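Welcome, and thanks for taking a look at this one with me. Below is a short briefing to read alongside the coordinates.

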Amino acid sequence: MGALRPLVLFLLTVWLGAAPAHAERRVALVIGNSAYKSVPRLANPVNDATLVGGMFKKAGFDVVDTKLDLSVVDMRKALREFGVKARDADVAVIYYAGHGIELDGNNYLIPTDAALETDTDVFDETFPLDRVLFAIEPAKQLRLVILDACRDNPFAKNMKRTVASRAVGRGLAKIEPTSPNTMIAFAAKAGSTASDGDSKNSPFSTALVERLPTPGLDLRKAFGFVRDDVLKNTGYKQEPYVYGSLGGDDVPLVPAKPAAAPGPQASPQDAVRRDYELALQAGEKDAWQAFLRAYPDGFYADLAKVQLRKIEAEQARATAAEKARQAEDEKARLVADRAKKAEQDKAATAAKIAEDARLAAEKAKQIEDAKAAAAEQRRKDAEAAVAKSLADKQAAEKALADRIASEKAVADQAKQAAESKKQVGSEQKVAAVAPTSSPPSLSPQETAKLVQSELRRVGCLAAPTDGDWNVSSQRSLSMFNKYAGTKFDAKLASFEALDAIKAKPGRVCPLVCDHGFNADGDACVKIACRAGYRVNDDNECEKVQDKKPVAIREDTKKRDAERKQTEAAPAKPSASGQVICNGAGCRPVRPGCHIEQTYRAASTLANSEVCN
């Protein structure tokens, strides 16, 4: 039973870190990054950092800084502060667990807030491994960097390449330290990836805490044991690797303790009790298992089993709590994803409604623009017609004025001739001055043209002013007589009628439009009815009635008699319901006829009755 004492003493040295009797100053910085913001969370780095940090403390290190989930700012601050502590240290160790990346043969450590959307972001959002080596360089005897960062990197999958030839490697790249007494340990060989394992800690960190704190064990041999353990536990899929070189002397992380002087022989029961107390102080599952292997039976064995079950229960509780926390995190993530999808659907619906409204507004604007353009064209046509009529009128008036002036000059000459001959007689004098008071002697065609121009101005004539006093012009003068209350002879274009028409300042004859059109100022505008309505015979919009079939019993004899009578009667042309207006007034279009708009002289649009 006394043979267990050296084993328990060894375990106590490992887990409690009994201070060795040496003057070396040892410092360690432990970093574990799990809670990444741009990629899925890593389960083990925080656990591994906590385990390794505890190992350094129990191994008697003077300073152990354990930092978890560091952003780029926090990581820069931690390295700067640790570099100050390493200046007066003999041994400086940095352990990092988390994501790392290799870019163009250089290795970088990734903080938790890095996004790495492009390859150039690596230079701004990560830390080069050279910066880590710079922090431990002041140490006098040993500089050690342990990287458990060779995991499969999710940043590289979505990273955009700004330079096609730039290489992003798998795992970390091989490195050869330039400073003496410097070692860099990778969790996996360069170019390969490391496993997180199925338990609370990675296979690499588990092997580290098992092998490195062995007192007096050279680091090169300790990492060889770590390599063997990881290969065995991962089915030879992961092989740790060490870069750098040390001198010929052994360089243990924990110096060997001096051999204890032999003391008086104690009783076996006292040895069991002391071993139990040592295991109790260690408080670890491995210590109790070692105690039970040495003392499988007895009072202290029963107490050790109770302590072992207590530890196992605590581990089970911690595992269940971690699983519950992970389940809550997953639940919260799923709820956030559903809320995000609902917001996206809502935004898509709102965008579609807004787009439909925009298209409807564009269509309505196009319709209104077309209406405005049509109205503007009608205005221009009307103004052009008025301008042409005014020009014709002015030309006729100028011609009349010129003729009157000419005739007056002739009369003056005649008067002077008569006076020179001293002819006496009242009849001759009257004959000489009569032309000055009589109407101007215009040709009938010129007079007709002046009357036609004025009739167009007052809205009684639609035909062109060509000087031909035809039936259309006569009807126009008759319409003027009807609406102005005059009684001029419609068969003759007289100066009296011309003066009477000139005296009218505006339209005299009403504007007559075809069926389906309404008068709008001096133009006819088509009547537009909304959906489900139509224009009736009174030029009004009425709702279209749905005809529902009614089942009735017909009198077959009466129906046959009416059919025979209808078939025997000659076909009659049906009325169209249109109304035509001319100089003689307005009347319905005759059966079998219809109205067509045709262009006459001077490009004037007029209505005419066509019978086929």
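Is the link of Cys-529 and Cys-541 left-handed or right-handed? The link of Cys-529 and Cys-541 is left-handed, with -85 degrees about the S-S bond. Please keep in mind that this is a predicted model.

**Disulfide of Cys-529 and Cys-541**

- The count of disulfides in the model comes to three, and one of them joins Cys-529 to Cys-541 with an S to S distance of 2.0 Å.
- Cys-529 sits in the loop between strand 11 (523–526) and strand 12 (533–535), while Cys-541 belongs to strand 13 (residues 541–543), so this pair ties together parts that are 12 residues apart in sequence.
- Cys-529 is partly exposed, at a relative accessible area of 24%, and Cys-541 is partly exposed too, at 38%.

**Disulfide of Cys-460 and Cys-509**

- The sulfur atoms of Cys-460 and Cys-509 are 1.8 Å apart, and the two residues form a disulfide.
- This link is right-handed, with 90 degrees about the S-S bond.
- Distant parts of the chain are linked here: Cys-460 is in the loop between helix 13 (444–457) and helix 14 (471–484), and Cys-509 is in the loop between helix 15 (495–502) and strand 10 (517–520), 49 residues apart.
- Why does Cys-460 count as buried? Buried means under 20% relative accessible area, and Cys-460 has 6%.
- Cys-509 is buried as well, with a relative accessible area of 0%.

**Disulfide of Cys-593 and Cys-611**

- Cys-593 and Cys-611 are joined by a disulfide, with 1.8 Å from S to S.
- The link of Cys-593 and Cys-611 is right-handed, with 110 degrees about the S-S bond.
- The pair connects distant parts of the chain, with Cys-593 in strand 16 (residues 593–599) and Cys-611 in strand 17 (residues 605–611), 18 residues apart.

**Nonpolar cores**

- Which residues have the most contacts inside the largest nonpolar core? They are Ile-94, Tyr-96, Val-145 and Leu-147, in a core of 45 residues.
- Leaving aside residues up to four places away in sequence, Ile-94 touches Leu-29, Leu-79, Phe-82, Val-132, Ala-135, Ile-136, Leu-144, Val-145 and Ile-146.
- Another core lies apart from the largest one and has 35 residues, among them Phe-61, Leu-142, Ala-222 and Phe-223.

**The second largest pocket**

- The second largest pocket holds about 1200 Å³ of space.
- Its lining is made of 32 residues, and those nearest the centre of the pocket are Asn-47, Leu-51, Lys-200, Asn-201 and Gln-315.
- Which helix gives the largest share of the lining of the second largest pocket? Helix 11 does, with eight residues.
- At least two lining residues come from each of helix 2 (45–58), helix 7 (203–211), helix 10 (285–294) and helix 11 (299–420).
- By residue class, the lining of the second largest pocket divides into 12 charged, 11 polar and nine nonpolar residues.

Key
Residues numbered from 1 in each chain as written. Predicted model: local features only at pLDDT ≥ 70, side-chain atom pairs only at ≥ 80, totals over all residues. Heavy atoms only, no water. Core = buried A, V, L, I, M, F, W, Y, C linked by side-chain atoms within 4.5 Å. Buried < 20%, exposed > 50% of the residue type's maximum accessible area, 1.4 Å probe, protein only. Contact = heavy atoms within 4.5 Å. 1 Å grid on protein atoms, 1.4 Å probe; cavity = no way out; pocket = protein on both sides within 12 Å on 5 of 7 lines; lining within 4 Å. Points joined across faces, edges and corners; volume = space filled by probe spheres on them. Helix = DSSP H or I, 4+ residues; strand = E, 2+ residues; numbered from the N terminus. Nonpolar A, V, L, I, M, F, W, Y, C, P; charged D, E, K, R; others polar. Disulfide = S-S within 2.5 Å.
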